[in-house]
Amino acid sequence: MSAAERQTEEIILRTRGVGKTFGKFVALNNISAEFSRGAITSIIGPNGAGKSTYFNLLCGAFAPTKGSVEFEGKDVTGLPQHRFAHMGIAKSFQITSVFPQLTTRENIRVGLQALVSRYDIWRPRARLTELVERADELLALVGLWESRERAAKTLAHGEQRALEIGMALASQPRLLLLDEPTAGMSPEETRTMMDLIVKLAKERTVILVEHKMKLVLGISDRILVLHHGELLAEGTPQEVRQNEAVKRVYLGQREH
Ligand SMILES: Nc1ncnc2c1ncn2[C@@H]1O[C@H](COP(=O)(O)OP(=O)(O)OP(=O)(O)O)[C@@H](O)[C@H]1O
C-alpha cells in the first residue's frame, strides 16, 4: 500500500480551506481538518459558531463557497446530497424526521425500502425476508426492540432520536454524522444516547456536532472547536480542555 493509499485508508473525510458565506456574512472561514476513520470526532463551539453550517458542508447539504471536501480520498465538493448518501455517508439532523403514525418497526422498514433498488427484483420473497431481518437488527441495535410495535408519535423524545438514527443506519453508512443528537433530552436520555453513540462507533466512523463541551469530552477521540466561523482549536479531549483560547470562550458560559 502506498503512503497516499494508507492516508486515504486512515482519513475518511477531509476539508481543505472550506468557507461558507450567506450574502456578505461569513458563517465559516477557511476550515481545514481531517477526520480519522473509526474515531468519534466532535465539533463543538458556542451558539452561532458555525457548527451546523460545517455539518451541512460535511454531509453535502450545502456546497462550500470556498475550499473542498474529500471523502475517502475523492473530491466530493458540490456533489448533490443523494450522491453523498450513496457513497456511504448518513446523517441525522436536530429536527426529527420520523413518520409519527407508523410504528417504530415500520419507520425502520421505510428507511430500508428507500434502498430497495439495491436488491434483486427477481427474488421478491428473499428481498422481503432480508428487509424484515435487517429492520429487526437495526431496531435492536438502537435499543428500540421493545418499542417496535408502538406508533412513533408515542415514543419519548430520546427514543424518537434513536429511531431516526436507526433509519439513517439503513444505508449501512461508513460515516455517520449527527447534529446535536442530545438536543432537548433529559439527563437520562442524554446518557442513553451517549452510550448508543459509543456502541455505533465500534463499527463505523462518527462525527457529531454539539455545543455542550462537557458532554463530548468523555466519548470523543478528537474534538474540533469552532468560534465565530473559525477553527479555534483541535486535539484530544485532554488537549482541548487545557487550551487557553477554548477556556476563554467557554468561561462564563453555563456548563452542561
Ligand atoms: N441560511 C443562513 N442565512 C444567513 N445566515 C445564516 C444562515 N445559516 C446560518 N447563518 C448564520 O451563520 C452563523 C453560524 O450559524 P450556525 O447555525 O452554523 O451556528 P451553530 O454553531 O450551529 O449555532 P447553534 O449552536 O446556535 O446551532 C450564525 O451567525 C447564523 O446566524
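The model described here is predicted. In a regular strand the side chains alternate between the two faces of the sheet. Strand β7 covers residues 175-179, and because five of its five residues are buried, the strand is largely enclosed by the rest of the structure.

The pairing of β7 with other strands was examined next. Strand β6, residues 89-92, pairs with β7 in the parallel sense, over four bridges. Within this pairing, S92 has L178 of β7 as its bridge partner. Strand β8, which spans residues 205-209, also pairs with β7 in the parallel sense, here over five bridges. L178 stands opposite L208 of β8.

At the level of domains, the protein is divided into domain 1, made up of residues 1-88 and 173-256, and domain 2, made up of residues 94-171. The contact between them takes 13 residues from domain 1 and eleven residues from domain 2. On the side of domain 1 that touches domain 2, the elements that give two or more residues are β7 and α7. Helix α7 gives the most to this side, with four residues. By class, the side of domain 1 that touches domain 2 has eight nonpolar, two polar and three charged residues.

The model also includes a ligand, and the residues around the ligand are F22, F25, A27, G45, N47, G48, A49, G50, K51, S52, T53 and H211. Two elements, β2 (residues 25-36) and α2 (residues 51-58), each supply at least two residues of this shell. Helix α2 gives the most to the shell, with three residues. The residues of the shell divide into four nonpolar, seven polar and one charged.

In summary, β7 is a strand of five buried residues that pairs in the parallel sense with β6 and with β8. Strand β7 is also one of the elements that give two or more residues to the side of domain 1 that touches domain 2.

Note on methods:
Residues are numbered from 1 along each chain as its sequence is written. This is a predicted model: local features need pLDDT of at least 70, side-chain atom pairs count only at pLDDT 80 or more; totals for chains, interfaces and linings use all residues. A residue is buried if 20 or more other C-beta atoms lie within 10 Å of its own, exposed if 12 or fewer, and partly exposed in between; C-beta atoms are placed from the backbone. Two strands pair if DSSP finds at least two bridges between them. A residue is near a molecule or strand if its C-beta atom, placed from the backbone, lies within 6 Å of it. Ala, Val, Leu, Ile, Met, Phe, Trp, Tyr, Cys and Pro count as nonpolar, Asp, Glu, Lys and Arg as charged, and the others, Gly among them, as polar. Domain bounds come from an automatic or database domain assignment. Two residues are in contact if their C-beta atoms, placed from the backbone, lie within 7 Å.
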